[in-house]
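Subject: Model with chains A, B and C

Hello,

Here is the model you asked to look at. Please open it beside this message, as the notes below refer to it by chain and residue number.

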Amino acid sequence: MNDRVAVRKTYKLFIGGAFPRSESGRTYGVHDAKEKFLANAAKGSRKDARDAALAARAGFAGWSAATAYNRGQVLYRVAEVMEGRREQFIADVQAAEGLGDKKSARVVDTSIDRLVWYAGWADKYAQVLGNTNPVAGPYFNFAIPEPTGVVAAIAPQDSSLLGLVSVIAPIVVTGNTVVVVASTRRPIPAITLTEVLATADLPPGVVNVLTGDPAEIAPWLASHGDVNAIDLTGVTNQDLAKQLEIEAAGTVKRVRRPAQPNWLATPDLGRLTFFIETKTVWHPIGA
Amino acid sequence: MTFEYAPAPESRAIVSIASSYGLFINGEFVDPTGGTTFKTVNPATEEVLAEISEANQSDVNAAVNSARQAYDRIWSVMSGRDRAKYLFRIARLLQERAREFAVLETLDNGKPIRESRDIDVPLAAAHFFYHAGWADKLEYAGLGANPQPLGVAGQIIPWNFPLLMLAWKIAPALACGNTVVLKPAESTSLTALLFAEICQQADLPPGVVNIITGAGETGRMIVEHEGIDKIAFTGSTEVGKSIARALAGTNRKLTLELGGKAANIVFDDAPIDQAVEGIVDGIFFNQGHVCCAGSRLLLQESIAEETIDALKRRLQTLRLGDPLDKNTDIGAINSREQLNKIDELIKSGDDAGAQRWTAPCELPDKGWWCAPTIFTNVTQAHRIAREEIFGPVLSVLTFRTPDEAIEKANNTPFGLSAGIWTEKGSRILWMANQLRAGVIWANTFNRFDPTSPFGGFKESGFGREGGIQGLSAYLQSANDGADRARGAS
Amino acid sequence: MRTIAEPLTTTSALREFLHGLPGVDEVGIKARATALGTRSIKNDSKSWAIDMAIRMVDLTTLEGMDTPGKVRAMCAKALRPDPTDPTAPSVAAVCVYGDMAPVARAVVGDNLHVAAVATAFPSGRASIEVKLRDVRDAVAGGADEIDMVIDRGAFLAGNYGLVHEQIVAVKAACGLAHLKVILETGELRTLDNVRRASWLAMLAGADFIKTSTGKVPVAATPAVTIVMLQAVRDYCALTGSQIGVKPAGGIRTSKDAIKYLVLVKETAGEAWLTPDLFRFGASTLLNDLLMQRQRMAVGHYSGPDYVTID
């Protein structure tokens with residue numbers, strides 16, 4: 001008989017490798033698929049978004065300069081640590097999404113496998129997407145993919161873990177850093193993921209996770225002068241999506257529009273290529 | 001006697017300019033339904049060259065409908081091999097009539113014939129030639145099997161390289177199976193209208209290319225038209241932002257090629273004579289009307305003085321004047337409006353206390369002209385170091401170390417291009433890696449090629465033109481429909 | 001600006017100086033040469049340029065089969081290039097092997113310069129004693145300009161001190177004769193070497209720097225000439241003395257010659273547009289210049305039967 005009183009967890013934000021509460025001091029109740037109370041999550045604010053963007057920018061220099069081999073190993077390490085917490089993730093996904101045992105397990109396994117898939121791309125996408133160009137003159141010319149910079153992302157609202165992983169992995173594998181707003185109603189798998197990220201050799205600031213209401217937080221990220229791109233995948237409200245796109249135009253951000261793909265399907269390179277810039281370098285060839 | 005070059009004007013006889021032009025819709029020239037026209041002027045003489053039609057909403061509708069029908073019935077179902085052959089025809093026709101295009105471009109734009117003849121027109125033909133070959137090879141474009149065109153592309157281009165920008169837009173769009181509605185800039189419509197004639201000579205199916213003329217209002221109608229699937233714009237960052245806003249919440253895709261404020265960075269171990277040429281080419285090419293112009297010169301302090309001296313000496317040999325003269329290096333400013341903008345920024349440099357030096361050249365009485373100008377003692381805070389001047393005005397700053405050069409170079413919302421001059425190989429690669437810009441020229445500047453992707457980081461826009469990467473601006477993977485996204489990477 | 005702080009005579013001091021000169025980007029300078037090559041020279045400027053080019057020609061014969069008869073014929077042509085047109089100017093000089101200097105001098109008198117190649121031309125592979133004797137003979141024979149060759153082997157081996165020493169010695173042996181130093185750029189191969197050799201020659205006392213002997217496959221090119229013109233321009237800025245430049249070999253047409261004049265004007269400046277500071281080492285060029293001159297004068301194209309062969 002188990003009469004031990006469980007130790008419950010305080011769910012916090014993940015910014016710059018640390019776990020702060022929202023600077024606003026606010027929380028909101030999170031319930032499972034059957035509306036049973038699960039926890040209070042931090043209700044991220046404008047200033048939390050600002051802090052997260054700052055942390056992401058601080059993390060960008062080191063992460064974008066890391067070797068592709070290193071970035072691949074770090075993502076693979078995240079998968080390793082997730083695998084160790086597989087049961088917890090299954091329980092979290094089950095509670096969040098109301099899926100059965102088998103389906104939850106499939107979602108978690110696919111999430112881990114997806115990270116492994118993207119980890120393997122770290123040292124290959126530049127070979128696939130970069131090239132030398134046969135210009136008509138005595139110049140060596142090559143084009144290489146480079147990370148766009150700091151990316152803000154609105155994670156899918158339904159697919160709380162697989163959707164989240166499928167959004168952030170292609171962003172960070174190429175050297176971008178990300179501020180992601182987790183599923184509002186299903187934030188707990190994302191928060192568990194932050195605990196994995198914190199212990200998986202991921203440098204601080206590479207992934208920053210906010211919980212709360214995208215309608216409150218995202219406009220500040222969309223208009224932010226030090227955010228280079230925004231992924232609206234998880235925005236379900238069309239008016240909000242349009243508003244964010246308008247805000248983003250002010251600094252010519254790359255905007256990935258809302259989408260609801262089948263997350264279980266193997267992705268193509270579309271997400272990865274969206275958050276890179278092609279840099280073309282010319283040099284004369286002479287003796 | 002000294003060795004003065006006698007005037008060597010290229011003959012205008014090769015072009016025949018009509019007194020007025022209609023709109024090119026569905027393969028033929030039609031009168032604008034609104035009947036409004038505007039004048040296009042030779043900026044070197046202020047002579048009116050022709051009356052140009054202003055397209056109104058019903059003209060835009062007609063152009064879009066024509067493009068849609070051509071897309072649905074002909075172009076999207078035609079084999080890539082056949083599309084290719086039309087593009088090859090266009091490339092050859094451009095080569096055949098190259099001199100005519102060059103003279104017309106120079107008359108309408110004010111750029112030196114040396115540039116329109118040796119750069120703009122040959123590169124435009126090369127763009128069609130390069131993209132022609134892609135039309136039947138798109139499964140190798142990196143977007144998976146059976147990639148799909150986007151549909152009807154609305155394309156809005158600037159006045160600085162009228163024909164070349166047309167080629168950058170139309171060639172990849174057509175190669176990928178799209179049809180187009182293109183609007184040239186209102187001050188430089190003539191070569192686009194001559195290009196319409198090339199489409200006719202090539203027997204390009206009607207409606208595949210529609211060219212409608214007009215100003216910003218016509219452009220807005222294209223941007224907001226729901227029958228268009230993709231907007232490609234080259235021009236100012238301000239207009240680019242407004243286009244991005246206009247497309248918010250729609251499914252229409254967008255690529256933007258906007259402004260720049262490129263740093264041209266010269267180290268003390270640079271091949272200095274070529275660096276001076278690169279500086280000149282960087283900022284005085286096309287009167288500085290170049291989005292990727294090297295408008296901020298960053299000189300390592302130890303060589304700043306001697307480099308500026310050498311630059312001034314070199315600028316004294318630049319020849320400003322009649323753009324049709326084969327020896328002219330610096331032509332006319334494209335419009336009075338642009339000249340006013342340049343003058344205003346020059347004044348801001350004076351007011352901020354920067355040191356101005358102007359090349360000693362006589363400006364013609366008529367037309368719009370700006371002598372090559374250098375500002376020294378410029379700091380990062382000056383407007384002339386931050387804003388795109390789009391004229392022959394160079395701001396000179398100094399730096400001490402590579403890190404400082406990078407910091408200053410990247411300290412701008414733009415990120416289109418940059419130059420590096422040093423003979424140290426590892427430093428070139430380090431700098432190229434650190435610079436947040438889409439095109440890096442090392443020990444050269446302002447080189448262009450259809451195989452070489454061109455486009456910016458940050459507020460200089462998104463998407464690429466040229467090269468395999470440029471195809472993604474007009475092509476999507478077969479399953480993109482499910483996961484719609486904007487822009488190209 | 002660079003300064004010359006210490007006497008530059010030893011290999012190590014020269015090496016430090018020459019290797020401290022800015023590099024030359026080959027592609028960039030060729031692009032510049034191409035751009036200048038598109039200058040269009042018409043009407044009065046073309047007439048002026050053709051006459052100037054004629055006045056800059058060092059009319060040359062440097063063959064094993066040269067005879068006094070051949071040299072005398074060439075000298076007559078040099079004095080009066082176009083017998084039908086007394087307004088056609090004379091060339092600057094005749095250029096012959098040293099043993100032909102007396103023959104040439106006898107024909108041209110004081111009216112033209114006589115240049116003699118010396119110093120074991122064209123290879124320069126002989127002892128310094130032989131080279132100096134060669135120079136003295138030529139000067140004694142009436143040459144007032146000596147076209148010497150540098151020891152390319154020593155230069156490429158990095159033995160700058162030796163090259164310098166030999167030029168200094170030759171200069172001394174020249175006495176009052178002007179010294180043109182042939183770099184043989186076709187053997188130096190890189191434009192960095194051309195720049196260094198130009199400076200080395202100027203530092204050692206050259207009055208002129210000259211591209212080529214005409215005896216190796218690659219002779220004067222626009223790119224090489226620009227590098228040398230930049231060197232004399234920069235040397236003048238540093239020291240105040242004007243050194244001349246002489247491209248030689250491969251310049252055969254008026255169009256080419258005029259392009260070279262454009263290079264001079266736009267690189268070193270107008271001050272170098274004089275036979276005292278710029279020469280063409282050429283033989284067939286002269287007739288093409290004369291045919292162009294006739295065409296400008298009479299308004300139709302001339303033909304080879306209307307200019308003399310010598």
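This is a predicted model: local features need pLDDT of at least 70, side-chain atom pairs count only at pLDDT 80 or more; totals for chains, interfaces and linings use all residues.

Chain B against chain A

On this interface, 51 residues of chain B are in contact with 46 residues of chain A. The size of an interface is often given as the accessible area lost when the parts come together. For chain B and chain A the buried area is about 3,600 Å², and carbon and sulfur atoms give 50% of it.

The polar side of this interface comprises two salt bridges and 26 residue pairs in polar contact, counted with both residues at pLDDT 80 or more. On the side of chain B that touches chain A, the elements giving two or more residues are helices H8 (237-247), H14 (425-434) and H15 (467-470) and strands S11 (253-257), S18 (439-442) and S19 (461-462), all of chain B. By class, that side of chain B has 20 nonpolar, 18 polar and 13 charged residues. A salt bridge joins the side chains of Arg464(B) and Glu277(A), at 3.5 Å from N to O.

Strand S10 (residues 276-284) of chain A and S18(B) run parallel and are joined by three bridges. Within this pairing, Val281(A) has Ile440(B) as its bridge partner.

Chain C against chain A

Here four residues of chain C are in contact with six residues of chain A. The two chains bury about 410 Å² between them, with 61% of it on carbon and sulfur atoms. On the chain C side, Asp25(C), Glu26(C) and Val27(C) lose the most area to chain A, and together they account for 79% of what that side buries. The side of chain C that touches chain A consists of one nonpolar, one polar and two charged residues. Between chain C and chain A there are zero salt bridges and one residue pair in polar contact, both residues being at pLDDT 80 or more.

The sheet in chain C

Chain C has an open sheet of eight strands with parallel pairing, in the order S7-S6-S5-S4-S3-S2-S1-S8. Strand S7 (244-246) and strand S8 (280-282) of chain C are the edge strands, each pairing on one side only. From one strand to the next, the twist averages 25 degrees.

Inside the sheet, strand S1 (residues 57-60) and strand S2 (residues 93-97) of chain C pair in the parallel sense over three bridges. Leu59(C) has Val94(C) in S2(C) as its bridge partner.

Regards

Conventions
Residues are numbered from 1 along each chain as its sequence is written. Chains are lettered from A and ligands numbered from 1 in the order in which they are written. Side-chain values use heavy atoms; hydrogens and water are left out. Two strands pair if DSSP finds at least two bridges between them. Helices (H or I, at least four residues) and strands (E, at least two) are DSSP runs, numbered from the N terminus. Axes are lines fitted to C-alpha atoms, for helices over the stretch in contact, and angles run from 0 to 180 degrees between N-to-C directions. Contact means heavy atoms within 4.5 Å. Buried area is the accessible area (1.4 Å probe) that two parts lose on being put together, summed over both. A salt bridge is a side-chain nitrogen of Lys or Arg within 4 Å of a carboxyl oxygen of Asp or Glu. A polar contact is a pair of N or O atoms within 3.5 Å; within protein, one must be able to donate a hydrogen and the other to accept it, and residues adjacent in sequence count only if both atoms are side-chain atoms. Ala, Val, Leu, Ile, Met, Phe, Trp, Tyr, Cys and Pro count as nonpolar, Asp, Glu, Lys and Arg as charged, and the others, Gly among them, as polar.
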